[in-house]
Amino acid sequence: MNAPQNPNPNPNQNQNPDPSEPRPSPRRSPGPRSLDALRKTRQNALSHGLTATLPDGEAEIALMKSFADTWTQQLGCDNDAEEALIRSSALAYARLERCRKAEEAALAESSRLALEHWQKSKQQAARKLAQGLSADPSNTVADLEASSFGCEWLLRHWLQLDAKLSQGIVWDHDDVARSMLLLGLYPQAPGPDADTAVRRVWHLARCCGRAPFDPVPGVPTDLIPARLELRRLIAAEVDRLDTLRDRRWRERDAAEADAVAHLGLIDTSKEGQLRQRYRREAYSEMIRGINQVMRIRVERSKDQDRQWHQAHPHLSARRAPAAAPPSPPPSPPMPPPTPEPDPGRAPSPDTAPARSRNESPEAAPETQADRLNPQSQQEMRRDGSPADVRPDQRTEPQSTGFSRPSIDPRTPHRPPVEGHPRPSGGDLPG
């Protein structure tokens with residue numbers, strides 16, 4: 001009996017492959033071929049495009065070309081190297097604008113998310129606070145009205161109740177109780193001595209809910225008039241809460257919201273640090289290109305000036321400013337003129353004689369006061385008598401023509417005594 005044959009045999013599949021024979025390579029997809037598919041697949045590895053050297057889209061191509069043309073026209077270029085540097089700097093500036101726009105968009109989104117999170121937390125706090133309405137209605141309503149988010153919670157519940165009345169839907173027991181709690185009242189029937197406003201609201205709420213109630217003078221008992229009257233009361237309460245919410249926002253919550261929005265602009269995440277690094281790199285590349293252009297122009301200007309001086313030596317020497325002559329060294333100060341002594345007239349005692357530079361300097365004149373005893377003049381001394389005064393027994397040395405005058409400043413100067421001429425050796429007596 002023959003074995004059943006495979007109706008769809010695969011000739012490429014070998015049940016017992018030979019390991020020595022090479023295996024056929026699997027068929028690979030040729031990839032996209034249309035222009036639209038190629039344009040889409042080109043963006044597969046694109047995450048943010050901040051480091052891309054090529055423009056991202058037709059709009060950025062036009063922007064880069066506009067920057068390059070404007071900078072080339074304004075800065076001017078004398079050769080192809082300067083034009084290439086100017087255009088590369090313009091492309092770096094276009095990348096810088098791309099990074100700036102991406103950072104602004106990211107920071108705006110971060111600020112929006114931070115503000116949204118803050119609002120949700122405030123709304124959650126208002127809902128948690130409203131859970132105490134049934135236990136303490138009056139104080140809970142006062143706490144809710146202290147913030148704009150609490151006023152908003154009250155407004156939302158009043159509008160829900162008014163929506164049922166506008167559709168002609170009858171209030172149930174929970175709606176009647178909630179309306180009393182939103183006013184800060186207990187959901188119970190008021191007593192006979194309660195306020196008229198409280199009894200009026202209770203009567204209208206029970207009438208709209210088709211529940212038994214005690215009639216109140218001056219209050220409609222029919223459903224339609226009671227519904228209209230209750231809607232007017234709800235509208236007045238909504239207007240009051242709306243005004244109160246705006247005031248609470250300006251007084252309390254607006255400053256906190258601004259602070260949260262500003263804090264959201266500080267992005268310390270890893271993505272934010274990468275964006276800042278990409279922006280600095282684009283800015284540095286732009287500045288390097290501009291500095292290179294300026295350096296080339298300065299060197300070319302120096303080279304042209306050097307060539308001009310070499311080609312026009314006579315004009316360059318004429319153009320060079322004349323060097324100022326060196327100033328002579330300052331002369332030493334001249335001593336004051338010394339008057340010539342008159343040989344026929346004795347010098348006055350006040351006039352000090354001229355001293356030689358080989359002599360020792362004069363001693364400072366001593367003062368009358370004792371240096372070692374500054375208070376010597378204050379000492380008590382006995383009156384001096386003529387017997388106590390001793391005469392000055394010092395004698396003045398006689399000076400000759402061959403002797404030097406005394407250098408004592410206290411000794412008065414006297415003219416030299418002219419002596420006889422000294423005899424020679426032959427005139428000496430035997």
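The structure is a predicted model, in which local features need pLDDT of at least 70 and side-chain atom pairs count only at pLDDT 80 or more, whereas totals for chains, interfaces and linings use all residues. Residues are numbered from 1 along each chain as its sequence is written, and side-chain values use heavy atoms, with hydrogens and water left out.

Arginine 277 forms a salt bridge with glutamate 281, their closest N and O atoms lying 3.8 Å apart. A salt bridge is defined as a side-chain nitrogen of Lys or Arg within 4 Å of a carboxyl oxygen of Asp or Glu. Both residues belong to helix α9 (residues 270-311), where they are four residues apart, about one turn of the helix. Helices (H or I, at least four residues) and strands (E, at least two) are DSSP runs, numbered from the N terminus. Glutamate 281 is likewise partly exposed, at a relative accessible area of 40%.

By the salt-bridge rule, the count comes to 25. One of these joins the side chains of arginine 87 and aspartate 69, at 3.2 Å from N to O. This pair links distant parts of the chain, with arginine 87 in helix α3 (residues 80-130) and aspartate 69 in helix α2 (residues 58-75), 18 residues apart. Arginine 87 counts as partly exposed at 31% relative accessibility, and aspartate 69 counts as partly exposed at 31%. A network of salt bridges links Lys65, Asp69, Glu83 and Arg87.

A further salt bridge is formed between the side chains of glutamate 256 and lysine 122, at 3.6 Å from N to O. Here, too, distant parts of the chain are linked: glutamate 256 lies in helix α8 (residues 223-263) and lysine 122 in helix α3, 134 residues apart. Glutamate 256 is partly exposed at 33% relative accessibility, and lysine 122 is partly exposed at 25%.

Two packed helices are described by the angle between their axes and the distance between the axes. Axes are lines fitted to C-alpha atoms, for helices over the stretch in contact, and angles run from 0 to 180 degrees between N-to-C directions. Helices α2 and α3 pack at an angle of about 135 degrees, with their axes 8 Å apart. The two helices are therefore oblique to each other, given that angles under 35 degrees count as roughly parallel, over 145 as roughly antiparallel, 65 to 115 as roughly perpendicular and the rest as oblique. Residues making the contact (heavy atoms within 4.5 Å) include Asp69 and Trp71 of α2 and Glu83 and Arg87 of α3. The residues of this contact divide into ten nonpolar, two polar and seven charged. In this division, Ala, Val, Leu, Ile, Met, Phe, Trp, Tyr, Cys and Pro count as nonpolar, Asp, Glu, Lys and Arg as charged, and the others, Gly among them, as polar.

Helix α3 also packs with α9, at an angle of about 160 degrees and with the axes 8 Å apart. This angle makes α3 roughly antiparallel to α9. The residues of the contact of α3 with α9 comprise 15 nonpolar, four polar and eight charged.

Proline 190 is found in the loop between α6 (173-182) and α7 (196-208). Proline 190 touches Val198, Arg199 and Trp202, residues up to four places away in sequence not being counted.

Conventions
Buried means under 20% relative accessible area, exposed over 50%, partly exposed in between (1.4 Å probe, protein chains only).
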